[in-house]
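Biologist: I would like to go through this protein term by term. Please set each value against its definition.

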Amino acid sequence: MGLNDTLKCPGMDKTLSTFPIEFDCPQCNAIVEIWSDELKCRCTQCGTVVFNPDPSVKKPDPKTFESKANPIDELLELAMDFGSSAVTILDADHIQIDNQIADLCRETKCPNYGSSPTCPPHVRGPDWLKNNIHKTSQAIMVEIEVPQEQMYSDKRKEISKLLHFIVIQIERAAHEKGLVQSTAFAGGSCKNIQCSEHSYCNFLNGDGICRHPDLSRPSVSGYGINMNHLLKNAGWFKKSNNSFAPTSSHYGLVLIG
Ligand code: SF4
C-alpha cells in the first residue's frame, strides 16, 4: 500500500473513480453533464430526463443494498436507482388476464409475432399465467417516461433495453430475498431490441443458443396481462392515455411471489 493510500479517506475511492460525461439533451440540445456512475440526469434547461447509455456505467449492485425492514421497499428503491421514472406496488387482485389481449398479437399481425422467445406463440401465454397467478401476492409496475419524439427515434431501442434491464434486476433481487416465484415482464421482442442487426433469432432459428442470454423478459401482452387495468388502479392511466402529452411512457411489470 502506498503512502498516499494510507492518508487517503476511504470514502474518496468512489469520488475519484467517477467522472462527468457530456450528453446533448435530445429535447433542447443543451449540454447535460451526467456522472459516469449515474444512469440519468435531468436537463437543467428544459427538465427532460437524459439517460446515460454507456454500458460501462457503474450500476448499483443489488447485493450491496442494506437490509431494510420491508423487502418490497428495497425493490421499489432499487427500481428508482436503476433509472425508472416512477414505480408503484399493486395487489395481485388488480391483475386481469385476458386471452383476447394475447390473441391481438397474432390477429393484428404484430411484426414481433413469432420473432423471438419473448413474444407469442413462443411464450407460455395467458392460460399458463392463470394457472400460476395464485403464486403472486403483489405486482411492481415501473415506468420509463421520455419525450414523445424519443419513442420515434433511434433512442427507442436503448429505452427498451433499460426497461428490460430494470425489471430483470428487480426479479433477481426479489429471488435473493426468497421471493423465488417472482417473474418479470416488459415489452417488445428481443429480436428487435437485442438482435436487430441479425437476420434471425439464433435461439429459434440458429443453433439454439441465445446471443444475449438474460437481457430480456417476455412481453406483458403475450401473457394477456391487462396493463390498462393496472394503470387505472395505479392512477397512471390518464397520463398514458393522452396522445398529445409531451412525453411517452414504457411500462414493465414484476409479479412478486
Ligand atoms: S438470439 Fe437474440 S432474438 Fe433470439 S432469444 Fe436471444 S436475444 Fe432474443
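**Cores, helices and loops**

Modeller: In the largest nonpolar core, which has 23 residues, the members that touch the most others are Leu75, Ile140, Val142, Ile166 and Ile170. This is a predicted model, in which local features need pLDDT of at least 70 and side-chain atom pairs count only at pLDDT 80 or more, while totals for chains, interfaces and linings use all residues. Residues are numbered from 1 along each chain as its sequence is written, and side-chain values use heavy atoms, with hydrogens and water left out.

Biologist: What makes a set of residues a nonpolar core?

Modeller: The members are buried Ala, Val, Leu, Ile, Met, Phe, Trp, Tyr and Cys residues joined through side-chain atoms within 4.5 Å. Buried means under 20% relative accessible area, exposed means over 50%, and partly exposed lies in between, with a 1.4 Å probe and protein chains only.

Biologist: What is Val142 in contact with, leaving aside its neighbours within four places in sequence?

Modeller: Contact means heavy atoms within 4.5 Å. Among the partners of Val142 are Ala79, Val87, Leu163, Ile166, Ile170, Trp236 and Tyr251.

Biologist: Why is Ile21 called buried?

Modeller: The relative accessible area of Ile21 is 19%, and the limit is under 20%, so Ile21 counts as buried. Ile21 is in strand E1 (residues 20–24).

Biologist: Why does Lys109 count as exposed, and Asp214 as partly exposed?

Modeller: Lys109 has 71% relative accessibility, which is over 50%, and therefore counts as exposed. Asp214 has 38%, which falls between 20% and 50%, so Asp214 is partly exposed. Lys109 lies in the loop between H4 and H5, and Asp214 in the loop between H8 and H9. Neither is a glycine, yet phi is positive in Lys109, near 55 degrees, and in Asp214, about 65 degrees.

Biologist: How do you know that the buried residues of helix H9 are on the same side?

Modeller: The buried residues of H9 (residues 227–234) are Met227, Leu230, Leu231 and Ala234. They cover an arc of only 100 degrees around the axis, which puts them on the same side of H9; the arc is that of the directions from the helix axis to the C-beta atoms. An α-helix has 3.6 residues a turn, so residues three or four places apart point the same way.

Biologist: What is found at the start of H9, and what follows H9?

Modeller: At the start, a side-chain oxygen of Asn226 comes within 3.2 Å of the backbone nitrogen of Asn228. After H9 comes Gly235, with a positive phi near 75 degrees.

Biologist: Which residues are around the ligand?

Modeller: A residue is near a molecule or strand if one of its heavy atoms lies within 4 Å of it. Those around the ligand include Pro117, Cys190, Lys191, Asn202, Phe203 and Arg211. Helix H7 (190–193) and helix H8 (202–205) are the elements that give two or more residues to this shell.

Note on methods:
Helices (H or I, at least four residues) and strands (E, at least two) are DSSP runs, numbered from the N terminus. A polar contact is a pair of N or O atoms within 3.5 Å; within protein, one must be able to donate a hydrogen and the other to accept it, and residues adjacent in sequence count only if both atoms are side-chain atoms.
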